[in-house]
Amino acid sequence: MHPFAPVHGRELWIYIAAATAGWIALFALLHRLPLRHKRALTIALTFIAGLFYTLEFYLPAKSHWFPWWKNPLSDLIVPMGNAMNVIFGFTLALGLINLAMIHGRNIARKRPGWFNSAAFFAAMISMIVFGLWQTYTPDTNRPAALGLSCAQVHRVYDVLFNGLLQPLGATVFSILAFYMATAAFRAFRIRAAEAALMMASAFIVMLGQVPVGRALTNWLPAHGFYSQFRLERFMGWILNTWSMAGVRAVGFGLAVGGLSMALRIWLSLERGSFFEMRESKP
Amino acid sequence: MEHANEFQAALFLLIGIVIVGAILMARRGRAFHVRRIPGLSAIDEAVGRATEMGRPILFTMGLSVLDIVSMQALAILSHIARLAARFGTRLIVPVADVPLYTLTEEICREAFTAEGKADAFNPQDIMFLSDQQFAYGAAVVGIMHRERVATCFYFGYFYAESLLLAESGAIAGAVQVAGTPATTQIPFFIVAADYVIIGDEYYAGSAYLSREPTLLGSLFGQDIGKGIVLALIVAGSVIAVLHQLFPHLVRSNILAKWLGAG
Amino acid sequence: MSVAAGRSERPRYVIYALLWLIVIVTLIWPIPSPMKASPPVRSLHNAIEALPRNKLVILSVSWDVGTRGENGPQTAALVQHLFKSGRRFAIFGWAYPTGPMLAEGIAQSLSRKYGKRYGTDWVNWGFKAGGIPTLQALAKDIPRTIVEDIRHTTITDVPAMAGVRDWHEIGMVIDITGSATLDAWVAFWQGVYGVPLGYACTGVMGPEAFPYLDAGQIKGVLNALVGAAEYEAMVGIGGQGQQRMTSQSAAHVLIIALIILGNVLMVRDRRRKAGDRG
Amino acid sequence: MPWYVIFVGGIATLGTYTLLYRENSISRFFEHVFVGVGAGYGFYFYITSIIVPNWGKPLFVEGKWYWIFPLLIGGMYYLIYSRRLVWMARMVMLTTMGLYAGLAFKQFITVYVPQIAASFKPVVARSFPYVQFSNLLFFVTIVTVMSYFFFSFEHRHPLIRGSSRIGRWMLMVSFGAIFGSTVMGRMSLFIDRAAFLLFDFLRLSPR
């Protein structure tokens, strides 16, 4: 029988247990290797992983000279993507553990403000509980559990999502508008000609975007040569020509820089304790 | 374009080989030059000012997490920490990421030890504050005012907190030096800080200070890569002009076709 | 130090109060001002109008609660245009788990006005992790990558998904975003398969979109709330964007005035100091 | 939205805005609640939107036993908390980074090569002088800005020195555009909250 054929029932569990045991045994063996060999293994794996997408793209799909050629890696794109989706799905709880550790420590040591950490846990747990609960119960008046009806479960979730998560997140970020306003008055000093040029460009963009700025140059004709000097047109020209050229030039620099960074990672040329897998000192 | 054409693959190979070649040459001991970067010379001056005034220096990497950007910031921090140790100036480093925090402390301790001032190193001055953007921002602002810092350094990847930090530093009257690859935050540093290291200069700066052969070689290779891109743009523009002026001689922009456009 | 800090607190409160005041006043008493769509907005609108009707549009919702004030009205304007012109669309998220839920709320509340129903007129693919490898897989096999919609129906059983297998059935992808997601769509969809791409982004990222627009990699740009307002005007609907333009104008004028005032005061202080010395 | 949702939302909004006065216990409380519901939402959503349909279904319903491997690989990330086994976590992370490196090579061609081709603009042409001027400005800007970002030699030659100096000036126009656009975005965020407080929470309506 094909080893990757689907299996069911008890057989499935045996397969899963065997695969898990095999995996653990493999890594228990690898763990005994000296660090040098572990590093060599990592270098090899990193290289192979990078090679996958590189060859998939740079090898042609079909070849004129070799009619039997077909890029073999293209068929693996879908399974690879689905596997990465799930692998990342499993790792995304890492951030949660980090947060739980910080706040758990605050509560355990009764640090000042520990009740805020308790509020963190209360909010997190109720979101998880009611989120899962409302997903798997229909929105009806039937009783669910704990004296709550199904509709009430949905209502609690509504409060958590639309009453807390949405307004809190939006408000926290909107505070930036206030910081911007005070910084405009207290910190944005035009000390050099460079900053003056920047501010001129910024003022044109700020005014050209909004009705009040556009109204300033309404007296200019809507067509013909002078229409180019209407604020909204002028702003569009700055964004699309002048500023665009600068942004694109910076982008080319970043692209080559990104390419070199990717090469360094792929070929394990990067230095530093993380990349060389050195044990950090206790 | 599901797969690269020959010209695209050749372009990628050319730039890739140049970069890797330069890195390997640098590692074999070939010395590469890095040009003077104005913002960097300001670092020594800014440390000197804090020493004269007898007030502390603040170094922040914003919300950076442990990655390549922050590792280059640590190279700059190491340089600043050695200067601070030499002059006996206090250095405060608030961090927003736990793994980065442990590495930061290690780097500072090493820098103080290298200057023979291991006992002057105060681990309390390297601190983890919070990984929440505004909680971190507010706490750093608090430190700036309480400790009356004379100099602020901003190196790393910054988000919206850059505005809050640079404003408070400016009000505190500190000399501020900033460098970040985050293009969107550079404008705020330009108006509120004294010296700004722009975009790619950030990577050059850390290579310059750390003298790490891999980074120096990579920088040289990137320069050649950028040179190739620039040469393509100039050549393509010349062909575009010829195409406009003599349409029957130059039928189309062949270079653009090779690159896969149109 | 406390004296200096105390003194510097006063202008802070005055500025905060001013910002509150002008925004509240202009929200309650807005001055109606017709918006004229700029070329990047118009070209996105026209690109959607030119789409064949049998193709699906992907709304990639890469924003979360933090940028709701900008991306929310953009999403609403685009959804209304798609409803109005009778084009099916799929809501999909791969950057923030909240995104597809927020967009679903917007689509739900607008669907009544246009008499549209979930499942036949739009579908919600929910959130998928895995980043770029997942996007690549999506292009080659949509049902196997998505598996279930947000209501846990098997994706091939949703009427709106009839006949949708891979990128061939996708007419356009519109990336509505508050973070750096554009490169991924350009690199692994538009650049590879030539699927047209639309873009709606926050103000911070607006200027960085124009190199892509110039190279034809994106069809058009909605930049922040102003982009939403212009799009509403273009489609001929009312909406939050246009309602809030007076406040937006007032806030911009306030910022410009504060920068100028701050610098005038600096110059005056400097002159006074120079005068004391002389 | 039902009234109780709006009521809770209004209180949460006002509570967060007390931060504008100064750091205080109310704003800190709401900040923690925000982080809590955010983290909780992410967790519950990953389970219902990814783990159950994309992993549980093929593994347990369809019997594809090899789907156990993503769990084993994903689980290795958690070993970063163990000092002895951290090498496994680093191995998985570096392999993933290698995978992304391969993607970056593709990205270079599909994102930036078309932009290089789009930069071939005729500086001299038989078109409107306005278009020609724009093309010239574009060409000068892109060349000078790129020359500013050359690092491996001193900018001594007057040509390169002049070019890189002009490049830095040209960059200021781009930074100004980013500045102006950022102001616009930040203000929209506040206007959104103010509109919520006025029209939903206080039930006023625009005149």
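1. A salt bridge is taken here as a side-chain nitrogen of Lys or Arg within 4 Å of a carboxyl oxygen of Asp or Glu, and between chain D and chain C the count is 3 salt bridges. In one of these, the side chains of C:Arg244 and D:Asp192 meet at 3.1 Å, N to O.

2. The model is predicted, so that local features need pLDDT of at least 70 and side-chain atom pairs count only at pLDDT 80 or more, whereas totals for chains, interfaces and linings use all residues. Residues are numbered from 1 along each chain as its sequence is written, chains are lettered from A in the order in which they are written, and side-chain values use heavy atoms, with hydrogens and water left out.

3. With contact meaning heavy atoms within 4.5 Å, 51 residues of chain D are in contact with 62 residues of chain C. The area buried between the two chains, that is, the accessible area (1.4 Å probe) lost on putting them together and summed over both, is about 4800 Å², and carbon and sulfur atoms give 67% of this area. D:Met184, D:Phe190 and D:Ile191 supply 12% of what chain D buries against chain C, which is more than any other three residues.

4. The domain assignment of chain B, whose bounds come from an automatic or database assignment, gives domain 1 (6–32 + 213–261) and domain 2 (38–203). The C-alpha centres of domain 1 and domain 2 of chain B lie 37 Å apart.
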